[in-house]
Amino acid sequence: MQILMIRHGESEADILKVHEGRADFPLTELGRKQVRLMAEKVKRRFPPEFIWASTLRRASETAGVLANTVGCPVQYEDELMEHNNGVLAGLSYEEAKKYPRPKEAHERIENGESDIEFRMRIEVIFSRILSSSSYDRIAIVAHGGVINNLLRSFLKMPVTKEFGFHNGDTAIHLVEITASQSRRVHFLNDTSHLEALELELP
């Protein structure tokens, strides 16, 4: 089974320069253009048969456009929401400085979840998605932090923040679990569909 992991488009939080996480901002107009380009590329090259998506607006809107473009069903899951960053959600970067940050993987930001809790949440939903999917190709539309943990889970990596996988707006990653259960990475962080937007710039 092939698994597409797709990040949402630009959201209003990116423009406002605030912490997002669980703050539920919609896509910007640029974000919607990015999503349309991504969806057309996915339809042409590797259309999924089923989509799983986060319920936060920036991801659910992205998934909805993809589902309509490809013509496949989508299921929204709260467990695919971005890291619960507690009191930081929606705060400006300056305001957020007054809150101490966790130093260890088991520590939480106030009203949030720890890195370990985040990873375990993603492990559970990823396991459920894989065990309940009998498709040749699926897509998971979510967030940068979620996709990082999905890839760490897929590659059986430890819980750590010493490294990460870059996720641009509407970045596409493609991995595969073969019939023999070997795991393959086809490509990561493909945003070449956004080159069309760069050509529009004056």
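Which helix does M120 lie in? M120 belongs to helix α5, which spans residues 115–132. Keep in mind that this is a predicted model.

M120 has a relative accessible area of 41%. That falls between the 20% limit for buried and the 50% limit for exposed, so M120 gets called partly exposed.

## How α2 and α3 pack

Next up is a helix pair. Packed helices like these are described by the angle between the two axes and the distance separating them. For α2 (residues 29–45) and α3 (residues 57–70), the angle is about 40° and the axes sit 9 Å apart. The crossing of α2 and α3 is right-handed.

On the α2 side, the contact is made by R32, V35, R36, M38, A39, E40, V42 and K43. Helix α3 answers with E61, T62, V65, L66, T69 and V70.

F46 sits in the loop between α2 and β2 (50–54).

What does F46 touch, once neighbours within four places in sequence are set aside? Its contacts are L4, K41, R137, I172, L174 and F187. As for S92, that residue is 46 residues from F46 along the chain, and the C-alpha atoms of the two are separated by 38 Å.

Technical notes. Residues numbered from 1 in each chain as written. Predicted model: local features only at pLDDT ≥ 70, side-chain atom pairs only at ≥ 80, totals over all residues. Heavy atoms only, no water. Helix = DSSP H or I, 4+ residues; strand = E, 2+ residues; numbered from the N terminus. Buried < 20%, exposed > 50% of the residue type's maximum accessible area, 1.4 Å probe, protein only. Axes fitted to C-alpha atoms, helices over the stretch in contact; angles between N-to-C directions. Left-handed = near helix turned anticlockwise from the far one by under 90°. Contact = heavy atoms within 4.5 Å.
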